[in-house]
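Reader: I'd like to go through this model label by label and see what each one rests on. Can you take my questions in turn?

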Amino acid sequence: MTDTGNACRLIGGNCLPPPFGETYFHQPSGRWCDGRMVVDFIAQAYGLPTMPPSMGGNTADYFKHGANFAVAAARALNNSAYKRVTGMDPPGLDDHSLGVQLQSFKDLLPIISQGSSVNAVMSSSLFVVGEIGGAEYVFGFGGQKTIDQMKSWVPYIVAAISSAVNDLINLGATTLIVPGNYAIGCAPSYMTLFRSNNTADYDTLTGCLKSLNEFSVYHNTMLMKELVKLRLLHPLTKIIYADYYGAQSQLYLNKLDFPAPLYACCGGPGPYNFSTTISCGAQGSQSCPNPENYVSWDGSHLTEASNHAIANGILYGPFAIPPLLAVAS
């Protein structure tokens, strides 16, 4: 949801084939999207270029406008904590969890701050910490864990996010945005996997799965409570909660701009144009000609159009308190 190319550098090869990247970059860019991510729109709102992946360079010039340390499928919990908390073996690539990403930033800070002081760089930069933690839940659902079981993980995930925010503040950060989890009950992948014949399982306004969205709200509520504590510890620091869930939820009510909100633009045969066996860009997949009319790009990730709408809700309100550009001014 945030990575702008780091995972593809690790995976190599034809990581994300066309039609990924078709809308803005007109070629695959290492983003799980047809175009830009929320963080790209935030950067551009400040007059900066789209966010480069941190693994793409190692010079002061490369990092002069910032960088993105996110890695697709990365968790908030490191490998040992993940196994201890969830009882499952860590999946996927090597450990690129939040603490590892933060350490990568610390290692590169002398290069990033070349020609200036570390304190000057930290105090004049905007830090976006997340969205992260969602991967734990994705792997949990894949491992047949129940929502009640995963609720016990939330305090540990929130603590990991809080620790990263605290570390950045101690390094000199003065403005941080901490996003909550997305409305996972609206994702075509989950809508397919947890499809129900019981109409009571679905929200009457959005058509999304209520239980999964209620779980997102549970995570977000715990995160917001933690941010209140951090603000008390650091009263001179701007710690902004970004309500990605709220901003995204509005898109399912806007049938004028998003007439097919619950369907994936790019995917395989399935009730929501999502297939567990044929992914976007694979042989047999189909891509819509108008991704601007869809919330979901590939069933799990969002289109550029919905990322743009969410970013606007964060930048100008009402889904960040205070709105980001109000903080900047």
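What follows is a run of questions about labels, each checked against its cut-off.

Author: Ground rules to begin with: this is a predicted model, where local features need pLDDT of at least 70, side-chain atom pairs count only at pLDDT 80 or more, and totals for chains, interfaces and linings use all residues. Residues are numbered from 1 along each chain as its sequence is written, and side-chain values use heavy atoms, with hydrogens and water left out.

Reader: Why is the pair of Phe141 and Phe215 called edge-to-face?

Author: Rings of Phe, Tyr and Trp (its six-membered ring) pair if their centres lie within 6.5 Å; planes under 30 degrees apart count as stacked, over 60 as edge-to-face, and the rest as tilted. For Phe141 and Phe215 the centres are 6.5 Å apart and the planes are at 85°, so edge-to-face it is. The pair links distant parts of the chain, with Phe141 in helix H6 (residues 134-142) and Phe215 in helix H10 (residues 210-233), 74 residues apart. The structure holds twelve aromatic pairs, and ring pairs join Phe141 and Phe215 with Tyr137, Tyr190 and Phe194 into a cluster.

Reader: And why is the pair of Tyr182 and Tyr244 called tilted?

Author: Their ring centres are 5.1 Å apart and their planes are at 50°, so the pair is tilted. Tyr182 sits in the loop between strand E2 (175-179) and helix H9 (188-193), while Tyr244 is in helix H11 (residues 244-251), 62 residues apart.

Reader: Why does Tyr182 count as buried?

Author: Buried means under 20% relative accessible area, exposed means over 50%, and partly exposed is in between (1.4 Å probe, protein chains only). Tyr182 has 4% relative accessibility, so it counts as buried. Tyr244, at 1%, therefore counts as buried too. Across the 329 residues of the chain, 50% count as buried.

Reader: How do you know that the charged end of Arg75 sits over the ring of Tyr82?

Author: The test asks for NZ of Lys or CZ of Arg within 6 Å of the ring centre and within 35 degrees of the ring normal. The charged end of Arg75 is 4.6 Å from the centre of the Tyr82 ring. Lys151 also sits over a ring, that of Tyr218, 4.9 Å from its centre.

Reader: What makes the largest nonpolar core a core, and which residues touch the most other members?

Author: A nonpolar core is a set of buried Ala, Val, Leu, Ile, Met, Phe, Trp, Tyr and Cys residues joined through side-chain atoms within 4.5 Å. The largest has 44 residues, of which Phe105, Ile161, Leu168 and Leu176 touch the most other members. Helix H8 (154-171) is among the elements giving two or more residues, and H8 gives the most, with eight. A second, separate core of 30 residues includes Tyr182, Ala183, Ile240 and Tyr244.

Reader: Which residues is Ile161 in contact with, beyond its sequence neighbours?

Author: Contact means heavy atoms within 4.5 Å. Leaving aside neighbours within four places in sequence, Ile161 contacts Ala76, Leu98, Val129, Ile132, Val178 and Leu223.

Reader: Why does Asp40 count as buried, and what lies 2.9 Å from its side chain?

Author: Asp40, in helix H2 (residues 38-45), has 0% relative accessibility, so it counts as buried. The backbone nitrogen of Met51 lies 2.9 Å from a polar atom of the Asp40 side chain; a polar contact is a pair of N or O atoms within 3.5 Å, where within protein one must be able to donate a hydrogen and the other to accept it, and residues adjacent in sequence count only if both atoms are side-chain atoms.

Reader: Why is Ser296 counted as buried?

Author: Its relative accessibility is 3%, so Ser296 counts as buried. The Ser296 side chain reaches the backbone oxygen of His301 at 3.4 Å.

Key:
Helix = DSSP H or I, 4+ residues; strand = E, 2+ residues; numbered from the N terminus.
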